[in-house]
Amino acid sequence: MDATRRVLQNADLVIRDGVVADIGPENAGGLPVVDVSGCVVTPGLVNTHHHLYQTLTRAVPAGQNALLFGWLQALYPIWAKFTPEHFFTSAQVGMAELALSGCTLTSDHLYLYPNGARLDDTIHAAAETGLRFQPTRGAMSIGVSAGGLPPDDLVETEAAVLDDCVRVIDAFHDPSPGSMCRVGVAPCSPFSVSRELMRDAALLARDKGVMMHTHLAENEEDIAYSLAQFGCRPGQYAEELGWVGPDVWHAHCVRLDPEEIALFARTGTGVAHCPCSNCRLGSGIAPVRAMRDAGVPVGLGVDGSASNDAGNLVAEARQAMLLQRVARGADAMSPGEALEIATRGGADILGRPECGRLEVGSRADIAVWDVSGIESAGSWDPAALLLAGPVTVRDLFVEGREVVRDGQLKTLDLGALVRRQNSMARNLQEAL
């Protein structure tokens with residue numbers, strides 16, 4: 001995934017001070033070595049859309065067969081009972097799952113803060129996992145009594161939202177090239193915040209020099225709501241309020257029309273494609289082929305684990321490839337292009353061009369895939385991981401530091417984490 005998309009065989013990759021220092025044949029030069037013979041080495045994958053807290057509400061019966069709006073209404077009362085500990089633990093579970101699937105950089109969209117929860121809870125959780133983190137300070141400000149979708153006890157005043165955006169950016173945002181944490185601004189969606197908050201959030205983000213994120217054009221309900229409430233399609237609404245540009249990425253965009261695709265291409269506005277969630281909620285197949293052909297920057301996202309209900313990023317990349325083939329034919333997307341979307345594509349829309357590629361000067365975020373196992377047996381092209389390859393990494397390095405080794409997470413006690421999460425889920429069920 002360098003500038004020319006080279007595929008190298010029998011090469012060494014040298015890491016120094018968290019950066020790729022050299023790539024080429026037989027150049028280790030007496031340095032300590034991790035032997036990756038029999039493996040495929042790729043850049044770490046990049047997840048551009050997640051709601052990490054939702055790992056606590058996987059497969060909730062009331063939401064298993066619902067469309068987006070009904071699914072949200074089934075889950076809002078459960079999320080209203082979350083505490084800071086719930087957000088901390090669920091974030092670690094989600095990031096552990098991502099790490100094991102090859103992810104080195106993940107964003108998160110946290111838009112509800114009940115019972116004293118803060119974005120800080122997930123930021124502290126991420127620091128212990130070892131992944132690069134791009135948390136976004138989300139918000140909902142229009143409750144059901146004011147014509148919105150969320151219950152009134154999960155919305156905030158808009159002044160409080162903007163004040164807290166400033167607080168978390170000032171406290172945690174690190175713009176340096178090797179940053180492990182960058183904060184973004186992310187009102188939840190056009191159906192849960194006001195026009196004024198969307199506009200003011202954009203102004204604040206640009207004043208602070210941070211990225212902007214929200215949901216857009218996710219399904220037909222979303223389009224109908226925009227037409228009824230705003231008198232325009234979602235893309236036009238976003239443009240009117242300053243929500244287009246290279247510092248903006250929108251989740252889903254399943255229902256963008258050709259004019260909206262052209263707008264996003266012209267302005268460099270990014271899209272987080274979430275194929276499994278879009279299937280799970282019956283939202284449709286996003287026009288990724290048309291977006292890519294038009295020049296829209298596209299990355300990959302697993303979305304929340306209550307609508308996926310998994311967080312395996314390499315499996316998500318395979319699903320992205322297969323859905324474009326379902327929609328457009330077997331030549332619509334190659335395994336290499338889908339992997340590019342999951343690496344370079346995601347890094348670019350998150351404003352991290354130093355990530356998502358393996359080339360001299362890039363950050364040493366590296367996934368090692370063992371292709372000697374049953375999943376790849378008989379494969380004629382080991383590099384075609386998304387056709388025949390493992391869905392769990394052997395090793396994972398972030399900033400040159402080991403996060404996964406020999407298929408085991410090195411930064412957290414995974415068994416204890418799973419037990420804690422399951423206990424929390426049982427307690428939530430009993431409380432309801």
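The buried residues of helix 5 pack against quite a list of neighbours: strand 6 (132–139), helix 4 (158–172), strand 7 (184–187), strand 8 (212–216) and helix 7 (234–240). Contact here means heavy atoms within 4.5 Å, while helices (H or I, at least four residues) and strands (E, at least two) are DSSP runs, numbered from the N terminus. A quick word on what you're looking at: this is a predicted model, where local features need pLDDT of at least 70 and side-chain atom pairs count only at pLDDT 80 or more, though totals for chains, interfaces and linings use all residues. Residues are numbered from 1 along each chain as its sequence is written, and side-chain values use heavy atoms, leaving out hydrogens and water.

So which residues of helix 5 are buried? They are Leu197, Met198, Ala201, Ala202, Leu204 and Ala205, with buried meaning under 20% relative accessible area, exposed over 50% and partly exposed in between (1.4 Å probe, protein chains only). They sit on the same side of helix 5 because they cover an arc of only 165° around the axis, taken from the directions from the helix axis to the C-beta atoms. On the other side of helix 5, Leu203 and Asp207 are exposed. Just past the end of helix 5 comes Gly209, with a positive phi of about 70°.

Five strands make an open one, in the order 3-12-13-14-15, with antiparallel pairing. Its edges are strand 3 (39–43) and strand 15 (408–409), each pairing on one side only. Two strands count as paired if DSSP finds at least two bridges between them; strand 3 and strand 12 (residues 366–370) have five, in the antiparallel sense. Along that pairing, Val41 stands opposite Val368 in strand 12.

Strand 3 turns up again at the largest pocket, giving the most to its lining with five residues. That pocket holds about 1,600 Å³ of space, and of its 45 lining residues, Ala11, Leu13, Val36, Val40 and Val41 lie nearest its centre. A pocket, on a 1 Å grid over the protein atoms alone, is an open set of points where a 1.4 Å probe fits, with protein on both sides within 12 Å along at least five of seven lines; lining residues have an atom within 4 Å of a point. Grid points are joined across faces, edges and corners, and the volume is the space filled by probe spheres set on them.
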